[in-house]
Amino acid sequence: MRKMCIFLIMLLVLSSYAYGKDVINVLTTTEDLKSITEAIGGDKVRVDSLARGLQDPHFVDAKPSFMMKAKNADLFIRIGLELEIGYEDLIIDGSRNQKIRIGNPGHLDASEGVYLLEVPTTTKVDRSMGDVHPMGNPHYWLDPENVKIVARNITNRLSELSPEDTGYFQENLKTFDKKMDEKMIEWNKKMAPFKGEKIAIYHRSWPYFVDRFGLAIACELEPKPGIPPSPGHLKETIDIMKRDNIKIILMEVFYDEKPAQFVANQTGAKVVVVPNSVGGTKEAKDYFSLIDTIVDRITEGF
Amino acid sequence: MKKALIFLIIAFLFIPLAVTDARGNEVAQLQQEMAALRSQFSEMKMSYETRITQLETKIEDLQKIYSIRAEKPQIAPPVQPQSTSLGRYFQSFNPDVSVIGDFTYHTTDKKNEEFRNQFQMRQTELAFSASVDPYARGDFFFHVEQENGSWHIGLCEGYLTLLTLPIEGLQAKAGKFKVEFGKANKYHLHNLPWVDYPNMITNYFGEEGMSEPGVSASYLIPNPWNKYIELTGQVVNNSNGASFAGSDSKDLVYLGHLKTFFDLNEESTVELGSSLAAGSNNGGHGRFGKNMTTLEGVDLTYKWRPLQTGLYKSLALQNELLFSQKDRAYFDDGTDIIDGKRLNSWAAYSSLEYQFAKRWTAFGRYDFSEFPDYTKNRENAYSLGLTFAQSEYCLWRLQFKRTNRNFDKDENVVWLQCDFGLGPHRKHEY
């Protein structure tokens with residue numbers, strides 16, 4: 001019995017040291033935020049993500065195992081704009097970790113200061129409009145210029161949590177921004193021939209990307225955000241695509257391809273399936289390769 | 001003299017040749033230098049031309065970027081997060097308010113059923129949730145139901161959750177809440193995966209499970225594997241009449257629940273729980289001594305949802321088992337009460353749900369249940385159903401249930417259910 005007690009006490013002590021104190025434990029809601037945090041934090045952070053890039057980031061189960069990840073976090077970073085409304089509160093409450101509650105330094109809304117699109121201008125927002133986000137379209141990470149702002153937000157917060165490493169984080173931010181500027185030139189060069197081209201999309205994940213690279217959205221397969229395609233709406237989509245000679249249907253990896261393929265067969269357009277998050281495909285290993293993948297697949301699709 | 005003259009003439013003849021040779025060498029040298037200069041110049045020219053071309057390309061690219069930026073009037077100007085969020089924060093001083101309706105039509109071959117062949121607004125839930133202060137949140141759930149022809153409103157749950165206790169991993173609750181016994185007891189009517197509660201719940205805890213005023217403390221037990229292990233202890237009023245004393249009781253029921261949860265992989269999870277509840281029961285009050293009821297429960301839930309196609313496919317297998325030991329008083333010859341008879345009974349259910357399309361889920365459930373007071377009475381029930389989720393906030397469900405009883409006629413029931421919700425109702429636990 002005594003041995004058993006000693007063993008249990010040792011387990012408890014060991015478990016409390018299982019997570020190292022020398023690095024900042026960061027939990028992000030998406031793999032995009034994880035990739036950016038790793039670029040800024042380098043070896044001073046240990047980062048994990050709740051959602052995987054293959055998943056629809058709107059629908060993530062609040063599993064108790066996620067509460068354990070949140071319990072050990074020093075910093076919780078979310079996309080914000082109510083993208084995580086279905087699971088964030090449950091996970092944070094369940095974690096019993098005060099550091100990461102909203103309002104504390106351990107809670108960062110990455111959307112602070114980003115350029116927002118589709119902020120509702122109507123006096124009333126309700127569910128007759130589908131799954132609208134009252135604070136704006138939350139898919140802002142698909143604009144690389146917004147990601148520079150996110151990287152700066154993360155740098156500032158990591159510096160606040162570990163002031164002695166501020167220089168290190170700032171240096172990493174410089175490197176990140178420089179690479180982003182260089183990649184922007186490369187991506188713009190690749191996308192330049194298609195400037196002004198109209199495309200069809202499945203879900204409104206793409207306005208930020210489309211806007212940044214000079215494309216235009218002609219129609220969506222979803223009749224309203226989050227509402228699955230209906231036969232009547234697909235007919236309208238087909239008419240628009242034929243009229244505007246749309247060549248591409250851009251869609252995420254986690255949606256059913258059948259409605260898109262049906263529309264493609266009717267219109268001669270090509271279905272281009274791309275990841276909208278890091279980890280969505282094997283090639284999209286970090287933020288830069290995510291945009292590389294999207295740009296390459298779109299340019300191949302035209 | 002003549003020799004000197006000849007020498008001079010020869011010298012004159014050869015000097016120009018020598019001079020010509022020297023000049024020729026110089027010219028050749030100069031030509032070489034010129035060629036070298038030309039090649040250096042052309043190299044420099046090429047290098048500068050290349051650099052100019054590169055710079056021109058860069059300028060062109062930058063111009064494109066800026067022209068794209070300039071040509072996008074649809075981009076909203078940078079929105080200050082404070083200003084975007086400010087309205088939200090002001091709004092958030094009010095609690096999140098939700099209303100959820102549970103509407104049914106049901107038909108049964110049991111002729112004395114109150115709502116037989118009737119439409120019924122079975123329940124309306126009013127939910128209010130908000131942070132109370134930096135240390136706690138509050139949740140209230142009121143149920144409006146029809147009873148004997150008139151409408152009544154009752155408090156299903158209303159509790160304060162203390163989120164910031166000094167001991168890490170500890171959380172506490174005070175108020176009226178659904179007790180932590182197994183899985184199904186905690187469900188509200190509208191978030192059941194079936195139309196009705198399992199027979200185990202209705203027979204051992206009452207029509208909508210056991211919800212009592214009391215206090216609760218739960219602790220996440222630290223462990224080297226960083227797994228979710230939660231231990232909950234609760235003390236609630238002894239006002240549940242199905243297994244315990246009922247509303248006239250002045251004592252308490254004690255509950256314990258241990259829950260472990262682990263991921264088999266990123267797509268599959270297992271939850272294993274064990275529950276214990278103990279308290280005095282009806283027979284133990286007044287002049288007849290203090291008889292006890294003890295309930296033990298085990299629950300096992302397996303869930304699968306693929307990462308990439310999780311919007312369209314999922315599976316849940318949920319099982320619960322309950323054992324009851326109830327000391328009870330019983331009438332002997334209809335005149336006296338004898339204490340001490342212990343009734344052992346048990347109940348269980350097993351449910352399988354399979355989502356086969358974005359909006360469609362099929363389910364089946366098997367129920368076996370005895371009764372806490374009549375162990376010889378048994379029910380076996382078989383349910384099959386189909387759920388159509390119009391959206392996240394509205395579902396339609398059709399369910400057939402056949403119940404075989406050894407103490408009454410068998411019963412066949414068909415329900416059509418519609419659940420719909422307004423407002424930002426907080427999501428339920430996994």
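The lining of the second largest pocket divides by class into 13 nonpolar, 18 polar and 16 charged residues. Here Ala, Val, Leu, Ile, Met, Phe, Trp, Tyr, Cys and Pro count as nonpolar, Asp, Glu, Lys and Arg as charged, and the others, Gly among them, as polar. This is a predicted model, in which local features need pLDDT of at least 70, side-chain atom pairs count only at pLDDT 80 or more, and totals for chains, interfaces and linings use all residues; side-chain values use heavy atoms, with hydrogens and water left out. Residues are numbered from 1 along each chain as its sequence is written, while chains are lettered from A and ligands numbered from 1 in the order in which they are written.

**Second largest pocket**

- The second largest pocket holds about 1,500 Å³ of space.
- Its lining has 47 residues, and the closest to the pocket centre are B:Tyr197, B:Thr202, B:Gly206, B:Glu207 and B:Glu208.
- Strand β4 (residues 150-162) of chain B gives the largest share of this lining, with 5 residues.
- A pocket is an open set of points, on a 1 Å grid over the protein atoms alone, with protein on both sides within 12 Å along at least five of seven lines; a cavity is a set where a 1.4 Å probe fits but cannot get out; lining residues have an atom within 4 Å of a point.
- Grid points are joined across faces, edges and corners, and a volume is the space filled by probe spheres set on the points.

**Cavity**

- The structure has 1 cavity of 30 Å³ or more.

**Chain B overall**

- Chain B contains 3 helices and 16 strands. Helices (H or I, at least four residues) and strands (E, at least two) are DSSP runs, numbered from the N terminus.
- Chain B has 430 residues, and 40% of them count as buried. Buried means under 20% relative accessible area, exposed over 50%, and partly exposed in between (1.4 Å probe, protein chains only).
- Among contacts in chain B with a separation of 6 or more, 53% join residues 24 or more positions apart. Contact means heavy atoms within 4.5 Å.
- The accessible surface of chain B is about 24,000 Å², and 61% of that belongs to carbon and sulfur atoms. These areas come from the Shrake-Rupley method with a 1.4 Å probe; for residues, only the protein chains shown count as cover.

**Cysteines**

- The disulfide count over all chains is 0, where a disulfide is a pair of cysteine sulfur atoms within 2.5 Å.
- B:Cys394 has its closest cysteine sulfur in B:Cys418, at 4.4 Å, so the two are too far for a bond.
- B:Cys394 is buried, at 12% relative accessible area. B:Cys418 is buried too, at 7%.

- A:Glu82 has a positive phi, near 70°, and is not a glycine. The residue sits in the chain A loop between β3 (75-78) and α4 (88-95). A:Glu82 counts as buried because its relative accessibility is 18%.
- B:Asn226 also has a positive phi, about 55°, without being a glycine. Its place is the chain B loop between β6 (211-220) and β7 (228-237). B:Asn226 counts as partly exposed, at 24% relative accessibility.

**Residues in their surroundings**

- A:Ile248 belongs to strand β7 (residues 248-252) of chain A and is buried, with a relative accessible area of 0%. Beyond four places in sequence, A:Ile248 touches A:Ile199, A:Ala200, A:Ala269, A:Lys270, A:Val272, A:Ile298, A:Gly301 and A:Phe302.
- A:Phe66 lies in helix α3 (residues 64-71) of chain A and counts as buried at 8% relative accessibility. Leaving out neighbours within four places in sequence, A:Phe66 contacts A:Leu27, A:Leu50, A:Val60, A:Asp61 and A:Ile91.
- B:Trp360 is in strand β13 (residues 360-369) of chain B and counts as partly exposed at 33% relative accessibility. Not counting residues up to four places away in sequence, B:Trp360 touches B:Tyr354, B:Gln355, B:Leu386, B:Thr387 and B:Phe388. B:Trp360 and B:Thr164 are 196 residues apart in sequence and 40 Å apart in space, C-alpha to C-alpha.
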